[in-house]
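Work through the exercises below with the sequence and the coordinates open beside you, and try each task before reading its solution.

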Amino acid sequence: DYKMTEQTAITVIDEQEKAPLMELLKNPAIVRRFEMACGNQAGTVMLNIINAANANPEIFKCEPLSVVNAGLNAAALRLSTSPALGQACILPFKKWRKNGGSWEVERIDAQFVPMKRGIRELAMRTNKYRVLNSFCVYEGQEWEENQMTGIGKPVGPIKNKKNVIGYGAYLLLLDGYEATDYM
């Protein structure tokens, strides 16, 4: 006798949510599309999509074709959606519609979003950067900027490394152009 417990019920529901995306990724036409776009990396790209969805189960609630397209967009830029690499991610976005006086979710679509490491990877591939870096400014530090050059830097001792008060970025191009930005 098989007795369904709360845990097995959750597992069954989870498998039902995963089914549309998993079935689409098994579809021969979709597999060919990945093979055309990614060559011998097609299997890896598809596996990374599944890993991204397992890391963020909300992706399974998205329109399956939007998840596939998000994964293909990342692959076209040669960025991985593997959560471990932090180059790109697939995020669910709700499309809302007004129904009478209230708003309701019409559908959930997945979107490709490049992450910090992915943006850096894309920039470095141009072979125009000597240095490209981002950093945190912590409690106790201040942002000091040269009024003539616009180049800034954090100054002062860090009082509390757990309390970030701002973020900065620095770039130096091979042709000598240099810039900083602080938020």
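Helices and strands are here DSSP runs, a helix having at least four residues and a strand at least two, and they are numbered from the N terminus. The model to which these labels are applied is a predicted one.

**Exercise 1.** Locate threonine 81 among the elements, and decide whether this residue is buried or exposed.

*Solution.* Begin with the position: threonine 81 lies in the loop between H4 and strand S1 (88-99). Next, apply the cut-off, by which a residue is buried under 20% relative accessible area. Threonine 81 has a relative accessible area of 4% and is therefore buried. Finally, list the contacts, leaving aside neighbours within four places in sequence: threonine 81 touches Asn48, Ile49, Ala52, Ala74, Ala88 and Ile90.

**Exercise 2.** Determine how the axes of helix H2 (residues 28-38) and helix H4 (residues 64-76) are arranged, and which residues meet between the two helices.

*Solution.* The two axes come within 10 Å and cross at roughly 15 degrees. Since angles under 35 degrees count as roughly parallel, H2 is therefore roughly parallel to H4. As to handedness, the crossing of H2 and H4 is right-handed. On the side of H2, the residues involved are Ile30, Arg33, Phe34, Ala37 and Cys38, and they meet Leu65, Val68, Asn69, Leu72 and Ala75 in H4.

**Exercise 3.** Describe the sheet that contains S3, S6 and S7, giving the strand order and the pairing.

*Solution.* The three strands form an open sheet in the order S3-S6-S7, with antiparallel pairing. Strand S3 (129-139) and strand S7 (178-182) are the edge strands, each pairing on one side only. Neighbouring strands in this sheet are turned by 20 degrees against each other on average, when direction is ignored. For the pair formed by S3 and strand S6 (residues 160-173), 10 bridges can be counted; tyrosine 138 stands opposite valine 164 in S6.

How values were computed
Residues are numbered from 1 along each chain as its sequence is written. This is a predicted model: local features need pLDDT of at least 70, side-chain atom pairs count only at pLDDT 80 or more; totals for chains, interfaces and linings use all residues. Side-chain values use heavy atoms; hydrogens and water are left out. Two strands pair if DSSP finds at least two bridges between them. Axes are lines fitted to C-alpha atoms, for helices over the stretch in contact, and angles run from 0 to 180 degrees between N-to-C directions. Angles under 35 degrees count as roughly parallel, over 145 as roughly antiparallel, 65 to 115 as roughly perpendicular and the rest as oblique. A crossing is left-handed if the near helix is turned anticlockwise from the far one by less than a right angle, and right-handed if clockwise. Contact means heavy atoms within 4.5 Å. Buried means under 20% relative accessible area, exposed over 50%, partly exposed in between (1.4 Å probe, protein chains only).
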